Amino acid sequence: MNNTSGFSVVRNQLFSFVRKEFYHVLRDKKVLLILFGMPIVQVLLFGFVLSNEVKDTRIIVIDVARDEASRQLITKLGASRYFQIDHISTNESEIEPTFRKGKIKAAIVFPVNFQQELQHGNQAQIQIVTDGTDVNAANTINGYIMSIIQDFSLESNPLQKMPYRIVPEVRMLYNPQLLGAPNFVPGVMAMVLMLVCVMMTAVAIVKEKEMGTMEVLLVSPMRPLLVIISKAVPYLLLSFVNLSIIILLSVYVLDVPVKGSVLLLMSLSTLFIITCLSLGILISIQTDSQQAAMFASLIGMLLPTIMLSGFMFPIENMPWPLQLISNIAPSRWYYIIVKDVMIKGADFSSVWKETLILITMTIALLAISMKKFKIRLA
Amino acid sequence: MGTSFSIPNSQFSIQANSLTKWYGKEKAVAVNEVSFKVENGEIFGLIGPDGAGKTSIFRMLTTLLLPDGGSASVSGFDVVKDYKQIRNTVGYMPGKFSLYPDLSVEENLHFFATVFNTTIETNYHLIKDIYVQIEPFKTRRAGKLSGGMKQKLALCCALIHKPTVLFLDEPTTGVDPVSRKEFWEMLKRLKKEGITILVATPYMDEANLCDRIALLQSGKVLTINSPATISASFPHPILKVKANKMSTVIKSLASLQGVISCHGFGEYAHVVVEKENDKIIDSIKEHLVAQKLQGIEVQKSEPTIEDVFISFSRNGISQ
Amino acid sequence: MKTYLFHFHEMESANSNILSIQTEKLTKRFGDFTAVNAITLDVKKGEIFGFLGANGAGKTTAMRMLCGLSTPTAGKAVIAGYDVYKGTEQIKKRIGYMSQKFSLYEDLTILENVSFFGGIYGMSSAQLKSKSEALITQLGLENETKKLVGSLPLGWKQKLAFSVAVLHQPEIVFLDEPTGGVDPVTRRQFWDLIYDASDAGITVFVTTHYLDEAEYCNRISIMVDGSIAALDTPSNLKKKFSTESMDDVFYELARGAKRSGD
């Protein structure tokens with residue numbers, strides 16, 4: 001038959017198989033679309049459309065007072081980049097219908113005698129009405145309004161003798177302007193990498209089973225381990241490309257630079273990619289059809305892990321069973337790593353714990369996969 | 001299980017001993033104590049319709065399924081303990097087209113050559129006659145070939161590493177008659193290379209192209225022998241009868257005295273009779289004339305494998 | 001006494017002059033590629049017509065046009081009295097179809113399948129009841145009515161599928177390789193069913209790779225490279241090519257096919 005040594009045999013098989021895998025991926029337009037289209041779409045979507053920043057939020061002002069103080073405060077509100085005054089009226093009953101129409105997110109009401117109260121009573125009241133359906137946004141809006149009002153009251157009474165009080169100065173660390181982007185770039189990275197590695201890998205391996213080529217491969221000298229590795233390699237490389245695209249988009253389009261070491265970020269990301277690939281491999285071993293593999297990865301893995309990663313919803317607010325479950329979601333730990341390294345600029349000493357957890361998960365997944373790999377059809 | 005089989009270089013490439021396989025909770029038996037031996041360099045056919053158990057037998061012999069009972073060896077290697085050696089040396093063409101549809105003809109061939117640690121050039125002489133027919137399409141995606149072409153490519157990929165034993169599971173099913181004929185001609189040429197070939201097929205006419213066959217139905221072996229011997233051993237004489245309306249011939253003769261059975265065989269009906277004599281021939285002719293049929297012909301006929309199979313089916317082993 | 005699945009139209013037989021299928025230069029093109037090239041054929045009511053050809057010769061494409069599933073690029077055709085361009089819905093009501101790939105729902109029982117398909121063709125529940133009983137008796141499946149179709153052997157499934165395809169007494173039934181892989185006895189039982197249908201006036205349009213089955217047809221056509229290379233009775237074709245068997249006729253015609261790679 002042939003006289004080549006064991007190592008070169010394996011090397012040839014591996015090379016040939018990986019090349020075949022690349023053919024499959026590059027010739028399947030649908031896969032390519034998901035692979036490369038998705039991160040770009042995600043980034044743009046989050047960056048420009050779904051921003052949860054507060055910017056040019058529409059508000060209305062009900063100015064019953066119509067005095068100079070109210071007008072000054074209203075001008076200040078209008079000048080702020082956070083708000084855009086839709087219109088000013090004197091009719092309080094307008095508030096609810098306008099809210100219901102969805103045109104505004106907040107309403108500010110200046111009662112009669114505003115100025116008088118301010119100047120003579122040392123206490124004036126303003127009513128702030130915010131749309132509570134989006135709690136996060138509402139809180140942010142309230143916060144901005146309050147700070148504008150605070151500024152105003154200090155400006156208008158600079159010499160006022162106030163009792164000694166602590167004025168909290170709020171500073172959003174790492175993200176002083178409360179930009180949305182730094183919040184979601186790590187989340188998008190985790191999501192995209194998981195999707196590509198888990199789902200694509202799972203489907204790719206199961207496809208062979210479904211097509212019947214797995215049968216032929218089994219009845220051949222090709223070792224099952226090699227089949228798995230060969231399937232994973234293209235997706236490893238493609239995920240790398242994706243990772244780079246996202247980081248580049250983040251740095252140059254969204255103005256979110258990598259504060260920490262890029263090398264550290266890349267290597268830990270590679271670790272996460274391998275974790276996800278292992279998960280994909282395990283799913284592919286347990287399922288028999290592409291449909292089942294997609295279902296298991298999407299509904300079974302992706303959705304829960306995205307929701308439990310801390311990206312969209314804070315983990316600390318979840319009921320404790322979910323908090324417990326979130327511990328086994330690899331994305332949760334990776335999310336922390338990316339936030340720390342990319343946004344906070346931390347170094348390895350801050351993320352060694354999370355890294356160790358990911359390494360342990362990877363080894364466990366690979367061990368289970370090896371054990372469960374079927375060398376026969378049944 | 002566990003008995004060591006003959007060492008390699010024995011007379012038999014494949015030995016199956018009471019192979020049994022069942023599926024599901026109800027343990028539906030798909031393969032029921034099937035035994036047979038295939039000699040080196042022989043073309044051996046497993047002939048039987050869907051549900052006969054052919055694919056299950058194949059999968060047990062190629063080490064893809066564990067037998068639930070019995071044992072088997074290929075080239076002297078036990079299918080359970082020595083599966084790795086078997087997987088390194090046999091060629092396997094499963095029932096469904098099992099190559100990569102989005103890879104070209106060349107790419108598929110190249111891939112399988114590498115998987116088997118060889119190159120296309122090494123054994124090109126084996127596949128040359130077949131490959132030249134598909135070579136004009138070598139850059140075409142395998143998925144876009146016709147059924148006959150796909151089978152030829154699959155055969156090339158199974159042969160590229162010069163296997164000692166070739167397993168072909170229904171290689172001609174669904175393929176048109178011309179391509180089927182060509183395929184079998186290719187198999188005959190391979191025999192000269194000393195490759196043992198085990199073929200499964202539902203086509204009775206292909207049985208005649210094998211050296212020996214096993215007739216299978218519902219998981220059981222009906223008989224094993226050379227096709228000629230099996231046909232010749234048919235216990236009753238057969239007459240072939242023709243008239244202008246086949247359906248009437250079949251219906252009316254089935255219940256005639258002296259007739260055991262009557263079935264359509266294309267242009268003629270095969271009428272199995274108890275004794276072949278002028279009396280029965282006249283009786284048949286009269287009967288058909290009475291049915292207002294014309295163009296009546298009655299002749300002696302040689303039994304075919306299909307006749308044998310039908311008589312087995314009628315005599316108790318029903319589906 | 002035999003229970004008949006359908007009414008006998010004794011006046012109608014293969015000798016009738018009513019044409020079930022009539023095509024004139026029917027053509028289908030996909031871009032540059034001409035899959036079916038101007039085929040012209042007639043099939044009489046009650047005839048058993050064999051539609052043969054190598055894979056890739058254009059049989060499936062042609063059949064799809066005749067069933068009203070694909071719009072022709074050019075040419076004319078009248079199926080069961082309706083124009084293939086304008087009357088596809090009427091055509092579908094009057095034809096039955098059965099193929100090797102799909103016949104019945106494997107996870108439904110026999111009765112459930114019958115009532116489903118019967119319902120599609122607008123049969124009333126009274127009609128369905130009597131037809132189901134006749135079907136089951138004719139096929140000898142009294143003990144299997146509660147079983148899921150998927151658990152039946154292939155041969156029975158195919159016979160059932162055929163019976164369901166003719167349940168609504170269509171004018172034409174199209175059969176796409178109905179006997180592939182089926183055992184010899186069941187194959188012949190299947191053809192008994194086809195004969196019965198033909199006797200009852202149903203036109204049978206069947207494709208097959210079993211050349212002995214070609215002999216059971218009244219007439220056959222052989223498609224090569226998208227065109228009809230021959231159309232006649234089996235015996236005439238054998239005389240024409242001076243051969244003893246349909247095998248050789250087929251071989252002579254299909255051998256020169258250019259489209260062997262498609």
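A residue counts here as buried if 20 or more other C-beta atoms lie within 10 Å of its own, as exposed if 12 or fewer do, and as partly exposed in between, with the C-beta atoms placed from the backbone. With 16 C-beta neighbours inside 10 Å, I88(A) is therefore partly exposed.

The model is predicted, so that local features need pLDDT of at least 70 and side-chain atom pairs count only at pLDDT 80 or more, while totals for chains, interfaces and linings use all residues. Residues are numbered from 1 along each chain as its sequence is written, and chains are lettered from A and ligands numbered from 1 in the order in which they are written.

I88(A) belongs to strand 2 (residues 83-89) of chain A; strands (E, at least two residues) and helices (H or I, at least four) are DSSP runs numbered from the N terminus. Leaving aside residues up to four places away in sequence, I88(A) touches V61(A), D63(A) and I74(A), where contact means C-beta atoms, placed from the backbone, within 7 Å. The C-alpha atoms of I88(A) and I62(A) are separated by 5.8 Å, although these residues are 26 apart along the chain.

In chain C, helix 5 (residues 154-165) has 12 residues, and 12 of its 12 residues are buried, among them W156(C) and F162(C). These buried residues pack against strand 7 (95-99), helix 3 (110-120), helix 4 (125-139), strand 8 (172-176) and helix 6 (184-199) of chain C.

Chain B, finally, has 11 helices and 14 strands, and buried residues make up 52% of its 319 residues.

Note on methods: The expected span of a helix is 1.5 Å times one less than its number of residues. Two residues are in contact if their C-beta atoms, placed from the backbone, lie within 7 Å.
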